[in-house]
Amino acid sequence: MGSDINVTALSVFIFFFVLVTIMGFIAARWRKPETLAHIDEWGLGGRSFGTWITWFLVGGDFYTAYTVIAVPALVYTVGAYGFFALPYTIIVYPFVFMVMPVLWKRAKEFGYVTAADVVHGQYGSRGLELAVAVTGVIATMPYIALQLVGMTAVLKALGLHGELPLAIAFIVLALYTYSAGLRAPALIAFVKDIMIYIVVIAAVALIPSKLGGYANVFNATDAAFQAKGSGSLLLGPHQYVAYATLALGSALAAFMYPHTLTGIFASNSGRTIRKNAVLLPAYTLLLGLLALLGYMGHAAGLKLDSANDVVPVLFKTLFSGWFSGFAFAAIAIGALVPAAVMSIGAANLFTRNFWKAYVDPAVSPAGEAKVAKITSLIVKVGALLVILFLPTQFALDLQLLGGIWILQTLPALVFGLYTGWFRAPGLLTGWFVGFFGGTYLVWDAGWKPLHAVTIGGASFTVYTGLLALAANIVVAVIVNLLAPARSARKAPMSYRW
């Protein structure tokens, strides 16, 4: 142990980590089904989660540990521009309210487990199915890795260095996810979210009083931005379009990810999803309060090695050891819940849309569950290896691309819920243009997700994901118009046993 370890904080951290570990293994007996040897049970919790379980689960895997670390870090670095996460997590819920119950009904009726199942059932195209599945997996992998970035920041603040603590945490996660499937993160999410609410509400109530009030927090932040010559408390006119398009694009992409869709498919009804679209904005309020911690870091005069350290160092500096330990445990557990759901979502995609499609079409339900369990372990190990052996910037760049990539699956997944006009060749060609065109634009901009567009002599900075999506849709429409028409599929294909 190093001399910078606070024994009280570490003890509280270990207590809560052990508590959720026990809950993870108990989850296999919570709402126990006849068998977990079925992908519906292991990977979707039997599609039985009601309003409150879904609220905690979706909130837990949407508002992640990396969110708790990265949003205040971005606000600390650039100011107002970092608040784009607030409109994004408001805009997304009308979309969820309107679209996701329709998607849930389609998945429930025909036994679909993944987005790629829905696409194959609608269009009968293995190529389009594979494109959606591969996009989902490669967009999810860096997302899991970045949960480790959040956990690493916490372990560093606790004085724990090296790879061993991180490896132990993810080995434990892998074991109870393998045992209990989606029920484990669903049960743990109750504890995680309650802890996060306590931490953030206590922080925004108490920290300003330690720093001279909110007026002083904003004044200190403004002075810090002026001193370094970048960042501001208000958006500049040149940032308006970038801010708006980044928020809109992020909102459209949010529920295309395998982990958020897993929470949707695990719900017990479309009504449950609509209720959650109404209730989940409570997390947006929490996110807004959380973002303010970035400004408080300036007011506290923190000396940081990295902006990602702002929240852990702020708690370590201003709170007692026991509360710091509680806060660090909340953030670390906040990494476990989404990482578990993400690995399950990726495993479901591999099992249903690669293994079942190409390797063993006659695989039994028990065989599917076994493949999914093993795949979830491999996914976690892969994410751990990325963080241990590759630069963190590599995972950040991949995650940045992941949002642009996953957005390109929206036309194939969503359009078919409402119209039979689109066909697989057009959608697949559109996906190809959006996926690789978006990747090129990001690379060309120096790995930044924004691109300059000139219209009528005026220049605007636009989120690259939306540009790629627009190209995707235009190409899909053109190919659809030019390709010879074929007889429409009368009904989606069923995946039921």
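1. Among contacts (heavy atoms within 4.5 Å) between residues at least 6 apart in sequence, 85% join residues at least 24 apart. Please keep in mind that this is a predicted model, where local features need pLDDT of at least 70, side-chain atom pairs count only at pLDDT 80 or more, and totals for chains, interfaces and linings use all residues. Residues are numbered from 1 along each chain as its sequence is written, and side-chain values use heavy atoms, with hydrogens and water left out.

2. Next, the overall build. The chain has 21 helices and 2 strands (DSSP runs numbered from the N terminus, with H or I of at least four residues for helices and E of at least two for strands). Its radius of gyration, taken over C-alpha atoms, is 22 Å, close to the 23 Å from the globule rule for 497 residues, so the chain is as compact as a globular protein of that length. That rule is 2.2 Å times the number of residues to the power 0.38. The C-alpha trace spans about 70 × 65 × 40 Å along its principal axes.

3. Now the inside. Of the 497 residues, 59% count as buried (under 20% relative accessible area, with exposed over 50% and partly exposed in between, using a 1.4 Å probe and protein chains only). The largest nonpolar core has 177 residues, and Met-100 and Phe-315 have the most contacts inside it. Such a core is a set of buried Ala, Val, Leu, Ile, Met, Phe, Trp, Tyr and Cys residues joined through side-chain atoms within 4.5 Å. Helix 16 (residues 321-359) gives the most to this core, with 20 residues.

4. Phe-315 is worth a click. Leaving aside neighbours within four places in sequence, its contacts include Val-199, Leu-293, Phe-323 and Phe-328.

5. Then look at Ala-277 in helix 13 (residues 270-279). Ala-277 is buried, at 6% relative accessible area, and touches Tyr-93, Val-96 and Phe-97, not counting residues up to four places away in sequence. The C-alpha atoms of Ala-277 and Met-100 are separated by 9.4 Å, although the two are 177 residues apart along the chain.

6. Finally, two backbone spots to check. Arg-47, in the loop between helix 2 (39-44) and helix 3 (51-62), has a positive phi of about 50° although it is not a glycine. Arg-47 counts as buried, at 4% relative accessibility. Trp-447, in the loop between helix 20 (424-444) and strand 1 (450-455), also has a positive phi, near 60°. Trp-447 is partly exposed, with a relative accessible area of 36%.
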